[in-house]
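Morning, everyone. Please have the sequence and the structure open, and follow along as I go.

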Amino acid sequence: MTSTTTQPTNILTLEDPITVDGKTLSQLTIRKPKVRDIRLARKSSDAPEDVEQRLLANLCDLPPEAIDDLSLADYVRLQGKVTDFLPKELLATTMTSVIG
């Protein structure tokens, strides 16, 4: 018997839609981060902002450049959606300290 398990996700409705590969996106689906996501993102750069960009892009199944096209408001809301996956006792930890 095969079990199908869906990965927990959060949905972010963008205030300012972005265009990726010729398609306009008004929502992003963010999957729950795993340790491997952070490890892979850390391998991409030594700069914390680049690591965060890579992590967010991976979690949304987007190219990293798409994260640069988000409005600042949508970017901060995306960070919040990712931290929603963290246990309450880690909420005092900022995104940057988790990845950097």
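A word on the source: this is a predicted model.

I'll start with helix α1, residues 35-44. Which of its residues are buried? Asp 37, Ile 38 and Ala 41. They span an arc of only 95 degrees around the axis, so they sit on the same side of α1. Now turn to the other side of α1. There, Val 35, Arg 36, Arg 39 and Lys 43 are exposed. Note that the buried set includes Asp 37, while the exposed set includes Val 35.

Next, the strands. β1 covers residues 9-20, and β2 covers residues 23-31. In which sense do they pair, and over how many bridges? The pairing is antiparallel, over eight bridges. For orientation, find Thr 9, which stands opposite Arg 31 in β2. The two strands form a hairpin, with two residues between them.

Stay in that turn for a moment. Asp 21 lies in the loop between β1 and β2. Its phi is positive, about 50 degrees, although Asp 21 is not a glycine. Why flag that? Most residues other than glycine have a negative phi. Is Asp 21 buried or exposed? With a relative accessibility of 73%, Asp 21 counts as exposed.

There is another aspartate to look at. Asp 61 sits in the loop between α2 and α3, the latter being residues 64-68. Asp 61 is not a glycine either, yet it has a positive phi of about 55 degrees. Its relative accessibility is 72%, so Asp 61 counts as exposed.

Now the helix packing. Take α2, residues 48-60, and α4, residues 72-83. Their axes come within 11 Å and cross at roughly 70 degrees. Angles of 65 to 115 degrees count as roughly perpendicular, and α2 and α4 are therefore roughly perpendicular to each other. Who makes the contact? From α2, it is Glu 52, Leu 56, Leu 59 and Cys 60. From α4, it is Tyr 75, Leu 78, Gln 79 and Val 82. By class, that gives six nonpolar residues, one polar and one charged.

Last stop, Val 82. It belongs to helix α4, and it is one of the residues in the contact with α2. Its relative accessible area is 4%, so Val 82 is buried. How far is Val 82 from Ile 30, in sequence and in space? They are 52 residues apart in sequence, and 7.2 Å apart in space, C-alpha to C-alpha.

Technical notes. Residues numbered from 1 in each chain as written. Predicted model: local features only at pLDDT ≥ 70, side-chain atom pairs only at ≥ 80, totals over all residues. Heavy atoms only, no water. Axes fitted to C-alpha atoms, helices over the stretch in contact; angles between N-to-C directions. Helix = DSSP H or I, 4+ residues; strand = E, 2+ residues; numbered from the N terminus. Parallel < 35°, antiparallel > 145°, perpendicular 65-115°, else oblique. Contact = heavy atoms within 4.5 Å. Nonpolar A, V, L, I, M, F, W, Y, C, P; charged D, E, K, R; others polar. Buried < 20%, exposed > 50% of the residue type's maximum accessible area, 1.4 Å probe, protein only. Arc of directions from axis to C-beta. Pairing = 2+ DSSP bridges.
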